Each structure stands twice: as C-alpha cells, then as structure tokens.
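Try each task before reading its solution.

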Amino acid sequence: MKLQVTAQDVARLAEVSQSAVSRTFTPGASVSEDTRAKVILAAQTLGYRPNALARSLITRRSRMIALVMSYLENQFYPLVIQALSQKLQKQGYHVLMFISEMDEADAVLTDILQYQVDGVVMASTVLSPALTKTCTDAGVPVVMFNRVPDTGGFARPTTSSVTSDNYRGGRMIAELLVSRGYRKLAFLAGLENSSTNLDRERGFLDALEEAGLSLHSRAVGNFSFEGAQQATRDLFADARHRPEAVFVANDHMAIAAMDVLRQELGLRVPQDVAVVGFDDVPQAAWGAYQLTTVVQSVEDMVSATVTLLHEQMQGEVNPRNVVIPARLVERATVGRVTA
C-alpha cells in the first residue's frame, strides 16, 4: 500500500520549512518565487496533493462560496456563473452551486451551511429575512446578485446586494419608445414579486406618466419562455386593440415574444410592433432577433459582488446596495411611428 505523501516530505526534499510549503499552497500567502519553485518541484516529484479539508480545519476557512440560483433557463445566468466562478477561482476559492425553488432559497439553506462555506451569493433568488439573519448570526456573509433583499419591515437591509440600475433601464426604454412615436405601450412582466421586475416596471411607468401616457396593457410571463409565449398571445388576442410596442422584462422572454409575434401572429417587428428586452444576452444580437435591449454589465456586477463578499468576510458587515449603471443598446426591433 502506497503511503500518503505529506507536507513534511515535500519540505524535506525542497529543503525548506513546512510553513513554506503551507504558504506555497495557500492562495494569497507570501512566499518568495525561489521558495515557491522549489516547493512546486518537490511536490511534483513526490506526487504531493494539498489536503484542502485538513487546511480548512486549521484556518477555519473552507475557501468555498455557495452560489444559489432558482433557474438557469435565462441565458443571462450562465454568463454570471462563468464570470463569478472564474474570478473566485483565480483568488483560490471554489464555487458550490445549489438550485433552489423559484425565487425562494430557504429550502436549501441547511445544506449550504453544512458545507461551512465562507460566503453565499444569491442570484435570481432570495432568502427570507429570518433566514438571512440565521446566516448573519452564523458569520456567513450573504450577497444578493440582481435582487434587492426584503427588509422584512425594517428600515435598513441586513444583506448587501448588487443590481444594475433597473429603474433607470425601465425609464430609458419608455423614453426611447415615446420619442419614436409609440403611444400604445405594453409591459410583459417577469415574476411579480422580484425586485428586478418591480424596479424595471416602475421606471417604465414613471416615464410614461411624465410623458402624459398610461400603460396600454400588461401580461405576466414569470421569466419563463413558455410563460412569455402565452403572455404575448394574451396581449395580442384582440386585433382591434393591439399594443404598438412591448417592453419585455428580460431578453429571454423577449425572444419568446418575438417568435410568437412573427411565427404565430404574422406580425412584423418593428414594422407592426416594437419589442424591447432587458439584459443583453448574446442571443439578443443574433441576426434573427437583433433585439433592442438594456445592457447589464456582468463583469461589473460580478466584480462588485466579489468585493462585497471580501469586505464581509473580513468583518465589514455594514450592508449596502451597489447599483451598476445600465445602458440602452439599439438594434433592429424599434422603428419610428410616422403619422
């Protein structure tokens, strides 16, 4: 039976201290390049593999971050997973992914805490205020991604969050459509209780009101492809009272809406109806869609999320909401209404 190679064996071959071996394999630890090279060579020669579990017992840090999502259907979130995982891995962390029920992560919290994670990122889902407090009491920082926490009736949030400027994005869409002459504007909502949907709709409605307009019609797609297809059918069921333009709460649903408008209803986009989305997923720029949409910067949102995690893991627990500026990108799904 082959004996397990230990850090002491590596230190002996490399002619360095055991602490130097430990620092070499600890992300962010200080060690000279000469020492690092000798340790790595000795480890490769002996076939040594650091024991992350044993190290976590000593440091009381697992270097694991839990990423919780409620669904992956929206093309925006695979981009988030990739960017967040890569950024954390470069810093010596590993990502554990959990899938929760739609927009509600309470059911997986026990599993998350069993892994002794150093932090939790909630993307496309939320924790109840009570269970957020459970994480806080356990010393596990939680950062909401693309959601604003429910304060549970308290004046200040207990959890940090990162969002794009959803309210401003909704305003920009209304301002664009009004400036192009559209007057019968509809909103295709996502999940009714999600902060992203609420803020986008609120910005949209406020800008319409300032322009002297009211919402023509509204339907709910629940951020799902099939839901958006049916919502589109509902919005356009009465040919005599169809909207001239539709703001869809995200690109995933906007693509579904465009498929129904073109393939089932025989309508042209934008000649018969304008469509605007939100997110700017890669598919939005595909030639078949060329969707006008609001850009959410995944890179900036992920960087802010990681910064907040580090702040809280270092004991800075003052919750704050970071809002990343959004911008409108015009493609081919909005035209101009002529008298």
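**Exercise 1.** Work out which hand the crossing of α10 and α11 has, and what angle their axes make.

Solution. Start with the hand: α10 and α11 cross in a right-handed way. Handedness here is left if the near helix is turned anticlockwise from the far one by less than a right angle, and right if clockwise. Next, the geometry: α10 (residues 225–235) and α11 (residues 251–264) pack at about 45°, and their axes are 8 Å apart. Axes are lines fitted to C-alpha atoms, for helices over the stretch in contact, with angles running from 0 to 180 degrees between N-to-C directions. The two helices are therefore oblique to each other; that's the class left over once angles under 35 degrees are called roughly parallel, over 145 roughly antiparallel and 65 to 115 roughly perpendicular.

Now list who makes the contact. From α10 come Phe225, Ala228, Gln229, Thr232 and Arg233, while α11 brings His252, Met253, Ile255, Ala256, Ala257, Asp259, Val260, Leu261 and Glu264. Contact means heavy atoms within 4.5 Å. Sorted by class, the contact of α10 with α11 has eight nonpolar, three polar and three charged residues. For the sorting, Ala, Val, Leu, Ile, Met, Phe, Trp, Tyr, Cys and Pro count as nonpolar, Asp, Glu, Lys and Arg as charged, and the others, Gly among them, as polar.

Before going on, a word on the source: this is a predicted model, where local features need pLDDT of at least 70 and side-chain atom pairs count only at pLDDT 80 or more, while totals for chains, interfaces and linings use all residues. Residues are numbered from 1 along each chain as its sequence is written, and side-chain values use heavy atoms, with hydrogens and water left out.

**Exercise 2.** Find how many of the 14 residues of α11 are buried, and which elements those buried residues pack against.

Solution. First, the length check: α11 reaches 19 Å from its first C-alpha to its last, close to the 20 Å expected at 1.5 Å a residue. That expected span is 1.5 Å times one less than the number of residues. Then burial: eleven of the 14 residues are buried, so α11 is largely enclosed by the rest of the structure. Buried means under 20% relative accessible area, exposed over 50%, and partly exposed in between (1.4 Å probe, protein chains only). Among the buried ones are Asp251, Ala254 and Met258. Finally, the neighbours: the buried residues of α11 pack against β6 (185–189), α10, β8 (245–248), β9 (274–276) and β10 (293–295).

**Exercise 3.** Describe how α5 and α12 pack, then zoom in on what Val80 touches.

Solution. α5 (residues 76–90) and α12 (residues 298–313) meet at about 45°, with axes 10 Å apart. They are therefore oblique to each other, and their crossing is right-handed. On the α5 side the contact uses Phe76, Leu79, Val80, Ala83, Leu84, Lys87 and Leu88; on the α12 side, Val298, Met301, Val302, Ser303 and Val306. That gives ten nonpolar, one polar and one charged residues.

Now for Val80, which sits in α5. Val80 is buried, at 0% relative accessible area. Leaving out residues up to four places away in sequence, Val80 touches Met69, Phe145, Val298 and Val302. Its C-alpha is 9.9 Å from that of Ser297, 217 residues apart along the chain.

Note on methods. Helix = DSSP H or I, 4+ residues; strand = E, 2+ residues; numbered from the N terminus.
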